[in-house]
Amino acid sequence: MASIRIRGARVHNLKNIDVNIPINRVTCLIGPSGSGKSSLAFYTLYNESKRRYLNSIPDSLKFFSDRPLKVDVDEISPVLPAFALAQTNPIMSSRSCVLDVIGLLEKLQKIFYFLGSQHCPVHDLPYRHLMPSMQLRKAFSEKGMRPQESDVIHLLIGREEYREIYGGRTHAPRSFCPRRNEIRTFDESDDFYEILRFRFGKLEMLDKRYDEFLKLKNGQELIAFQKRKKRAVSIKYSKQMSCPKCGRMASTGKLQHYSPYNALGACRSCSGHGAILVYDEEKIFPNLNISFKEGGTKIFNYKRLSVFEKKFIKEIKNAGYSEKTPFKNFSQETWDRIRHGGKDFPGLDGIFQRLGKKRYKKDIRILLRSLQKEKECEECEGTRVGEEARNTRIILSQKSFSFQEILKGSLSDLAQFTIGIVDEGRFEDTHLRAILKSVLSSLKTALKIGLGELPLLKKSKLLTPGEYQRLLMVKYLSYEGSGSLFIFDEPSLGLSGKEQKKLFSEILKLRNNGNTILLVEHSDIFCRLSDEVIEMGKGSGFEGGRIVHQGKYFEKSPARPSKEEVSYCEAFPRRSPSSWIIVKGLKCDQYAKKEMKIPIDCVTQIKGDSNSGKFQLIIKSLPILIKRHLEDIYKRESFYSYTSLRIEGDIRNVYLIDSNVGKVTGRSTVGSFLGISPHIRKYYADLPISKMMELRPGHFSVNSLLGRCSTCEGKGFRDIDMVYLEDIRIPCDDCQGKGLKGQYASLSDGRLTSYETFSLPMSKVMTYLRLTPKIRRIWEYVQWLNLDYLSLSRRLNTLSGGERQRINLLACLGQKIEDSLLIFENLSFGLSEKELVRLGGLLRRICAHSNSIIIVDDHHLFGHISDYTIDFNRL
């Protein structure tokens with residue numbers, strides 16, 4: 001059997017491994033988190049394919065000075081063209097939406113351009129061509145002329161235009177001389193030649209000769225001469241369409257009018273973003289239960305806004321309140337003064353208006369954005385396009401669909417609309433037929449893999465990593481070529497068992513076309529259905545990087561928990577719910593539940609299909625709803641609605657633990673996020689040799705000017721902009737990729753250098769260090785969560801989703817958690833079943849401290865761990 005031959009792979013923790021991956025087969029990579037699965041799939045196979053493609057570009061087309069480094073492997077043969085989908089969502093743009101990701105926006109624009117008709121936004125009537133008789137009546141009326149029905153009207157055009165239209169004819173019945181203001185027998189020297197003569201009472205006869213007017217250019221000058229009064233009217237003839245009732249003119253109807261990325265088509269209010277920026281009161285007044293004196297708002301701590309502090313205090317005193325009055329006690333009239341201005345205070349509106357005039361300054365833009373939020377554009381209602389496009393309609397079976405209505409729907413709505421067009425079969429254009437076929441094919445695939453309820457205009461940056469990956473998979477699964485390699489990272493994430501089987505059937509179609517599929521997976525369903533399984537292990541980090549098994553999936557895999565380990569989880573006493581969180585009428589986006597009852601002081605599993613609303617209602621809405629209830633603040637503007645909320649037990653805090661580690665930068669590391677790195681830097685700064693050199697903790701930080709390499713600014717690499725291609729990253733020559741200046745990176749405590757302490761796995765470092773009680777507690781949890789293979793310098797943006805989620809949990813466990821609600825999203829992400837069992841034991845321990853845990857995950861093992869299960873498909 002033909003296979004991809006890999007010899008001597010040493011990327012990251014791979015131990016010089018040799019492996020053959022069968023071509024034209026589905027191969028599943030399994031193993032513990034950190035065992036080297038991604039190192040083999042993404043950092044070896046995919047990176048080498050990308051490198052060879054870039055190296056194939058001729059010198060005349062080079063966009064960079066240095067070639068990317070070769071992947072640390074002896075041999076890969078053959079190197080197939082590779083497409084990779086990692087379980088991340090890199091989109092930061094506020095303009096991109098679902099339609100853009102799935103690649104259907106441009107096709108939908110063409111469908112409405114070819115099949116749609118523009119309608120008047122006021123009267124909802126289709127635009128029609130303004131007939132010649134209507135244009136003449138309008139011209140006479142504007143000039144105050146009221147011809148009688150018997151009056152003779154002469155219609156004339158310019159001499160050159162007449163010859164151009166009538167094929168060089170040199171004679172006309174009559175001509176008009178503007179200097180004498182008279183109609184006379186044809187004179188070739190006159191400026192205007194007659195094309196028609198009629199009585200005003202028979203003006204409508206012009207419409208019957210409409211074909212003759214079509215020869216005229218748009219904007220062509222016409223002269224209408226009233227013989228009796230000897231008065232002439234100049235008319236700019238228009239071919240443009242207009243509303244038959246109000247005369248509102250239609251646009252020229254170009255394809256660009258349907259694109260939010262083009263100035264012609266973008267909404268004028270939001271410039272094609274679908275939203276505008278307004279100040280966010282929750283950011284300005286985060287806690288309404290405290291007063292100004294207690295730090296209820298810190299907006300005036302900014303230097304540029306500090307001048308308004310005294311005016312704000314004076315304004316609330318004028319309203320009869322003091323600095324010690326909690327904000328929630330302010331009257332509506334006082335809040336109106338704060339928002340719109342009063343006697344002394346210019347109001348938030350006035351402050352932000354003044355700042356807006358100085359947006360050309362970078363610090364002002366940063367300040368404004370930190371205090372603003374996105375609000376749906378009222379003009380386009382989030383559709384991003386202008387009025388002309390929004391009011392274009394397609395009529396199907398006596399029912400009219402506007403471009404705006406379709407855009408505000410979901411993928412399943414778009415599928416029904418497209419099927420309706422295909423069923424009517426009223427199109428003859430082969431290009432349009434091909435577009436409709438392509439759109440329908442993509443939408444059918446999207447529906448099969450659980451994306452049907454996804455709104456077309458949902459912002460790409462708000463998509464979960466699983467949703468974003470599956471949207472891109474829709475494009476990849478429509479790939480009709482062969483001989484390529486596709487690498488997918490946990491495509492089963494967030495899907496129920498039924499949806500996983502449907503997705504795998506689509507992947508098989510890609511394989512049957514002659515392509516090779518490599519899955520990085522932990523799903524039992526995917527493993528069983530794959531043609532072959534490659535298991536990495538046996539452990540994580542240094543203990544991983546080896547091939548444990550290759551062949552058919554077998555039950556006694558080291559990645560699977562033993563019966564004793566599962567029994568360990570089941571041995572924890574199950575709790576019977578005695579108190580509940582009861583939410584009635586909760587609604588978010590298009591999802592709603594009549595009533596939800598969630599037990600307190602228990603571990604609860606919530607499962608269901610990806611479109612059951614579990615993410616929108618539990619992950620997106622419930623934490624904010626409960627937090628606002630606990631803080632007893634007034635009802636702010638929300639993206640959700642509900643009828644009632646009752647908490648019967650004692651809950652003081654809410655924690656949402658997912659793969660989002662909050663506000664981090666590209667420099668954020670595991671050590672800095674957990675608070676361990678400052679302790680290490682202080683440890684090295686206190687060494688005798690450091691004190692002799694007068695070194696401070698900053699000398700051991702890649703983020704400090706004292707210690708970081710000046711060439712790469714502490715990054716350890718240089719990014720080379722590839723313009724239209726992905727950027728290339730080259731290690732820094734001066735610091736050899738360490739990020740620190742050489743003399744500080746090599747400073748040692750007798751066992752390890754400072755660079756080694758940060759770059760080696762924590763399991764090889766932490767045992768040598770003197771740890772404070774807090775750091776020791778964090779280290780214990782690091783070992784329990786099987787994260788000791790990570791280094792302290794590992795950047796957070798390079799972690800897998802499962803690793804980020806466990807890092808988030810570690811940050812929570814660093815503080816004392818009691819009487820709290822912890823909500824986990826896709827907790828099984830990146831973890832083998834054996835690791836999940838170990839994690840289940842930790843969750844039971846956390847629950848024992850009067851905590852309530854909600855796990856939004858369909859993995860079957862959580863049925864053994866949880867006390868209570870809620871199926872959203874049946875709720």
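The face of H10 turned away from its buried side carries Glu 333 and His 340, which are exposed (over 50% relative accessible area, 1.4 Å probe, protein chains only). The model is predicted, so that local features require pLDDT of at least 70 and side-chain atom pairs pLDDT 80 or more, whereas totals for chains, interfaces and linings use all residues. Residues are numbered from 1 along each chain as its sequence is written, and side-chain values use heavy atoms, without hydrogens and water.

Helices (H or I, at least four residues) and strands (E, at least two) are DSSP runs numbered from the N terminus. Within helix H10 (residues 332-340), Thr 334, Trp 335, Ile 338 and Arg 339 are buried, that is, under 20% relative accessible area. These buried residues line one face of H10, because they fall within an arc of 135 degrees seen down its axis; the arc is that of the directions from the helix axis to the C-beta atoms. They pack against strand E15 (275-279) and helices H8 (281-284), H9 (309-318) and H11 (347-356), with contact meaning heavy atoms within 4.5 Å. Gly 341, with a positive phi near 105 degrees, follows H10.

In strand E20 (residues 516-520), five of five residues are buried. Thr 516, Leu 518 and Val 520 cover one side, and Ile 517 and Leu 519 the other. Strand pairing requires at least two DSSP bridges. Strand E3 (residues 26-30) runs parallel to E20 and is joined to it by four bridges, with Val 26 opposite Ile 517. Strand E19 (residues 485-489) also pairs with E20 in the parallel sense, over five bridges, and Asp 489 stands opposite Val 520.
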